[in-house]
Amino acid sequence: MSRYPKGYRKPTDSCDGCLAWGNFSGRLCPACYMFGRSHATAVCAGCRRTQPLKWDYCRLCWCQARLGTQAAIDRSAAEADVRARLNAARHHQLFFMGMHHRNGSASAPRRRGGRRGAPRKPPPAPAWRPNAARRQLPLFAQTPRDYSRLALADADLASPWLAWAKYLAHRLAETRGWGRNIRFAVNRGLALVLTGYVEGDVIRHTEIFAPLRALDLPVGHTVTVLDEMGIFEDDSEPSFERWLAERLEGLAPGIRSEAERWTRVLRDGGPRSLPRREGTVWLYLNRVRPALLEWSNPYDHLREVTRDDVLTYIKTLHGHQRHDQLVALRSLFTWAKRNGLIFRNPTSRIKVGQYEYAVLQPLVPEQVDRSVAAATTPATRLILALAAVHAARVAQIANLMLDDLDIGNRRLTIAGRVRPLDDLTLKLLLDWLEHRRNRWPNTANLHLMINNQTATKTSRASNHWISAAMRGQDATLERLRVDRQLEEALTHGPDPLHLAKVFGLDEKTAMRYADSARALLHQAAEQPLQ
């Protein structure tokens, strides 16, 4: 947590490590912060300050020693000269932050092709799985390893397993567009987890997650390489299991076990039921949980719940809350009755009632204008057009693939339905593709919408990222989608068949839009002429 209040801008100050003057957050400049993360703290042999040290000298002493190597061109000679000048430093020249070169004060000569600095490292030599024909069979089963005790300095860089892993990592980096920093970090993580590895061992997710995260190494990319090698086991607890244990906490043991079985049947399906979406399972359990908590005090089993208990509970609910919870309770008790867990369904013959939807209202131009002004990037402008023009849902936008585009024929396929590309969407689409090509030229992700996290993977962007730009606006992506479908019903008439054909809506949803359009047209007809 920052020591400064929210909205406070730290004034120009000097770094506590190298005494450099500049604008930065915290006590240390970025260079001293990174220097301190990889070096131990002790008393400096030059300035006698307690600072992170490299070869017994702090970063300020190293900067002072580099001043004598400004004219040096050869890197190895310059580095040796710096080491020789460390003992001779008797004063310190203060400087502004960012004025020192990290690899020497003199700029490196320009090589052929215009690129500065050292030449690129050659790709790793081709390597394959080490031959396990001759090896000592283990006497005991594999014991869990504590990777947190290993240090990167103690890594076995000559291991044939590491050579094979680096070769696979290089191939994955080429195909998935991993950048230089990701490649370097993945190689460090592989060197750490493959030290001491022998044929037949299994590297588990729970053993390497915390050590890699402590060193700021990418767990996901490292796991991808280990999985490609066939030596990884994902023993992490799924998020659904953690959520289920949290939601069932506080229930009576008998009610808890039956609610857990019902939830798993909803998620995985059964002999006479199809699996539901995970979001639907969350909603159902969240809706029945308050009633189950109330009944867990006097009862120990669902068979003890009576019809009067259900009626007494739902009397405290109103509107859509009563409707949603009663539907979820009927699902639970119907499943329990079908499986012989209860003698009588206490929710039978309790009418849920028809849910009365309010009349959908169109957005006003000011609300749409504010959302358009909030779309400042090529990605957000295209997302806004897909929702406002083509009535695409957030999940449908995230699932769009490059193969869904047919720019030559000006067609776009959304959720299996082919739609013509209008001029506005086509322009925004071309702008986004140009930005995507310049920003991530080597990405292998075939999804249309990608970001910094998904550009190096093959998965789609999250719904949260898709809708982030419009969050907090009156005209959100969902409101814009609804407004587009309502506008179609107002323009072409309240015809449910037309709406179902154009947008692929369910018949009940299409009828709801048609009813709202009919009510709005009737209200407009009754307004007196001005």
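User: In what order do the 3 strands of the open sheet stand?

Analyst: This is a predicted model, where local features need pLDDT of at least 70, side-chain atom pairs count only at pLDDT 80 or more, and totals for chains, interfaces and linings use all residues. Residues are numbered from 1 along each chain as its sequence is written, and side-chain values use heavy atoms, without hydrogens and water. Strands (E, at least two residues) and helices (H or I, at least four) are DSSP runs, numbered from the N terminus. The pairing (at least two DSSP bridges between two strands) is antiparallel, and the order is β7-β8-β9.

User: Which strands are the edge strands?

Analyst: Look for strands that pair on one side only. They are β7 (405-406) and β9 (417-420).

User: How many bridges join β7 to β8?

Analyst: β8 covers residues 411-414 and runs antiparallel to β7. Leu405 stands opposite Leu412 in β8. The number of bridges joining β7 to β8 is 2.

User: Is His390 buried or exposed?

Analyst: His390 lies in the loop between α14 (378-388) and α15 (394-398). Buried means under 20% relative accessible area, exposed over 50%, and partly exposed in between (1.4 Å probe, protein chains only). The relative accessible area of His390 is 4%, so His390 is buried.
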